[in-house]
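Hello! Here are a few friendly notes to read alongside the structure, with charged side chains as the topic.

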Amino acid sequence: MKKVRAIIAALMACITLFSLTSCAGFKVVDDEDVFFDALDKVVSIEKEETRYEKNTRFNGSKVEYLIEAKSGDNTYRYVRFKKEDDAMDFFDDMYQNVDTIVAEKEFKGNHKISESKTRGTISLDGEVEYGLDLKDVYVSGDTDFYGTICVNKNVFIQVYSLNGSKRDKEKINNVLKELGLPKP
């Protein structure tokens with residue numbers, strides 16, 4: 001009986017560790033050049049084709065660096081906040097919204113969401129039936145969302161496609177892979 005309990009306890013510990021690695025399994029992309037390089041290498045978006053600003057404000061918070069690029073149905077965003085708390089607050093609002101739409105069955109598809117004190121991940125592959133608030137963009141109902149939103153310390157990254165084609169989703173996957181971030 002003790003062996004069975006020990007095996008069950010070990011199995012539960014492995015399951016818990018595995019579930020936490022989805023949030024902790026990526027590193028901080030603290031150098032904006034890594035993001036620029038991924039865009040250039042994977043989707044042929046050069047730095048000059050992006051909106052980038054240093055020492056600016058984003059969503060009312062001070063940020064060290066902001067990069068935004070759009071290509072067709074795809075959006076790529078990198079924000080390095082000055083304070084970790086600002087990055088987590090920004091992410092937490094989205095996390096709460098996604099958690100709600102998933103719980104209320106207003107999203108149909110695959111989803112992975114996790115959040116800790118300094119890291120978080122939202123990965124979605126499916127249809128938003130009612131609405132998804134991404135703070136600067138509101139995704140209305142009947143929209144296909146494919147992508148990942150991550151925060152790690154003071155760095156916030158969004159890479160997603162709205163109603164994108166199979167090729168758009170491949171581009172999203174390739175950028176996420178290049179950055180070492182989880183795919184939906």
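1. A word to settle before we start: a residue is called buried when its relative accessible area is under 20%, exposed when it is over 50%, and partly exposed in between. Please also keep in mind that this is a predicted model.

2. Try the rule on D40, a residue of helix α2 (residues 32-43). Its relative accessible area is 39%, so D40 counts as partly exposed. D40 also belongs to a surface patch of negative charge, together with D30, D31, D33, D37, E46, E48 and E49.

3. Now for pairs. Side chains of opposite charge can pair when their charged atoms come close. How many salt bridges does the count come to? The count is 9 salt bridges.

4. One of them joins R80 to E32, with 2.7 Å between the closest N and O atoms. Because R80 sits in strand β3 (residues 74-81) and E32 in helix α2, this pair ties together parts 48 residues apart in sequence. Both R80 and E32 are buried.

5. E178 and K41 form another salt bridge, at 3.4 Å from N to O. E178 is in helix α4 (residues 166-179) and K41 in helix α2, 137 residues apart, and the pair links these distant parts of the chain. Are these two buried or exposed? E178 is partly exposed at 37%, while K41, at 61%, is exposed.

6. A salt bridge also connects E129 with K108 (3.4 Å, N to O). E129 has 34% relative accessibility and is partly exposed; K108 has 52% and is exposed.

7. Lastly, look for R51, E53, E68 and R77, which are linked in a network of salt bridges.

Conventions. Residues are numbered from 1 along each chain as its sequence is written. This is a predicted model: local features need pLDDT of at least 70, side-chain atom pairs count only at pLDDT 80 or more; totals for chains, interfaces and linings use all residues. Side-chain values use heavy atoms; hydrogens and water are left out. Patches are made of residues with over 30% relative accessible area and no salt bridge: like charges are joined within 9 Å, nonpolar side chains (Val, Leu, Ile, Met, Phe, Trp, Tyr) within 5 Å. Accessible areas come from the Shrake-Rupley method with a 1.4 Å probe; for residues, only the protein chains shown count as cover. A salt bridge is a side-chain nitrogen of Lys or Arg within 4 Å of a carboxyl oxygen of Asp or Glu. Lys and Arg count as positive and Asp and Glu as negative; His and the chain ends are not counted. The place of a charge is taken as NZ of Lys, CZ of Arg, CG of Asp or CD of Glu. Helices (H or I, at least four residues) and strands (E, at least two) are DSSP runs, numbered from the N terminus. Buried means under 20% relative accessible area, exposed over 50%, partly exposed in between (1.4 Å probe, protein chains only).
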